[in-house]
Amino acid sequence: MGLPSKLKNFNLFNDGNNYIGVIGEFTQPKIAHAMEEWRGGGMLGPVKVDNGLQLMEAEFTNGGLVRQCFRQMGDPRVDGVLLRLVGAYRADDGSGVDAVEIVMRGRIEELDMGNAKAGEDTEHKVKMPLAYYKIAINDRVEIEIDMLNAVYIVDGVDRYAEIRAALGL
């Protein structure tokens with residue numbers, strides 16, 4: 001029997017501060033290649049040529065007012081804010097829990113205070129483009145991306161090592 005491993009619970013740490021009971025939702029960044037179509041002479045049809053990675057963005061929603069997010073606005077460093085998202089995944093087939101940890105660095109681009117109405121919910125949304133991303137499942141790194149240092153590791157293979165070497169990095 002096979003059942004999908006589903007997120008059972010999660011938490012967010014923002015620069016080490018624990019958001020348990022505060023974080024409502026987290027939209028994980030998409031990892032996508034920037035590709036363009038190319039058809040050269042003699043080819044039967046087009047292929048997509050890889051031009052590196054697209055911008056990664058994370059978004060999260062806090063259940064209310066979080067002063068820390070206000071204080072992080074305008075950080076001049078492209079990787080000035082550290083987020084750590086941890087989650088527990090489990091399939092309902094009796095298998096064990098998978099611990100997932102995602103480490104991200106970026107800076108806040110947008111703080112959306114939403115609507116204000118007395119006696120109503122006051123969720124606040126934060127949007128953050130990322131310069132760094134790493135996902136580990138049960139302490140094994142699956143993907144690590146460091147845009148500033150041209151690092152792109154997938155399943156232990158550094159897919160950008162030869163390009164860095166050609167650039168003398």
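The structure is a predicted model, in which local features need pLDDT of at least 70, side-chain atom pairs count only at pLDDT 80 or more, and totals for chains, interfaces and linings use all residues. Residues are numbered from 1 along each chain as its sequence is written, and side-chain values use heavy atoms, with hydrogens and water left out.

Rolling a probe the size of a water molecule over the atoms shows where empty space is left. Here a pocket is an open set of points on a 1 Å grid over the protein atoms alone, where a 1.4 Å probe fits and protein lies on both sides within 12 Å along at least five of seven lines. The largest pocket has a volume of about 230 Å³. That volume is the space filled by probe spheres set on the points, which are joined across faces, edges and corners. Lining residues have an atom within 4 Å of a point. The largest pocket has 13 of them. Gly 52, Leu 53, Met 147, Tyr 152 and Tyr 160 lie nearest its centre. Two or more lining residues come from each of β5 (47-53), β11 (140-146) and β12 (151-154). Strands are DSSP runs of E with at least two residues, helices are runs of H or I with at least four, and both are numbered from the N terminus. The largest contribution to the lining is that of β5, with three residues. By class, the lining holds eight nonpolar, two polar and three charged residues. In this scheme Ala, Val, Leu, Ile, Met, Phe, Trp, Tyr, Cys and Pro count as nonpolar, Asp, Glu, Lys and Arg as charged, and the others, Gly among them, as polar.

Salt bridges were counted next. A salt bridge is a side-chain nitrogen of Lys or Arg within 4 Å of a carboxyl oxygen of Asp or Glu. Seven salt bridges meet this rule. In one of them, Glu 142 pairs with Arg 140 at 3.2 Å, N to O. Arg 140 also forms a salt bridge with Asp 155, and the closest N and O atoms are 2.6 Å apart. This second pair links distant parts of the chain. Asp 155 sits in the loop between β12 and β13 (157-158), Arg 140 in strand β11, and the two are 15 residues apart. Accessibility is classed as buried under 20% relative accessible area, exposed over 50%, and partly exposed in between, with a 1.4 Å probe and protein chains only. Glu 142 counts as partly exposed because its relative accessibility is 26%. Arg 140 is partly exposed at 41%, and so is Asp 155 at 45%.

A further salt bridge joins the side chains of Arg 164 and Asp 158 at 2.4 Å, N to O. Asp 158 is partly exposed, because its relative accessibility is 26%. Shared partners join Arg 140, Glu 142 and Asp 155 into one salt-bridge network. Arg 164 lies in helix α2 (residues 161-166). With a relative accessible area of 15%, Arg 164 is buried. Contact means heavy atoms within 4.5 Å. Beyond its neighbours within four places in sequence, Arg 164 is in contact with Asn 149, Ala 150, Val 151, Asp 158 and Leu 169.

Backbone angles single out two residues. Most residues other than glycine have a negative phi. Ala 150 is not a glycine, yet has a positive phi of about 55 degrees. Ala 150 is found in the loop between β11 and β12. Asp 15, also not a glycine, has a positive phi near 45 degrees. Its place is in the loop between β1 (6-14) and β2 (17-18). Asp 15 is partly exposed, because its relative accessibility is 37%.

Two other residues were examined for contacts. Asn 62 is in strand β6 (residues 56-62). At 2% relative accessibility, Asn 62 counts as buried. Its C-alpha atom is separated by 5.6 Å from that of Glu 123, 61 residues apart along the chain. Leaving aside neighbours within four places in sequence, the contacts of Asn 62 include Tyr 19, Cys 69, Glu 123 and His 124. Ala 32 is in the loop between β3 (23-27) and β4 (33-38). Ala 32 is partly exposed, with a relative accessible area of 24%. The C-alpha atoms of Ala 32 and Met 56 are separated by 8.1 Å, at 24 residues apart along the chain.
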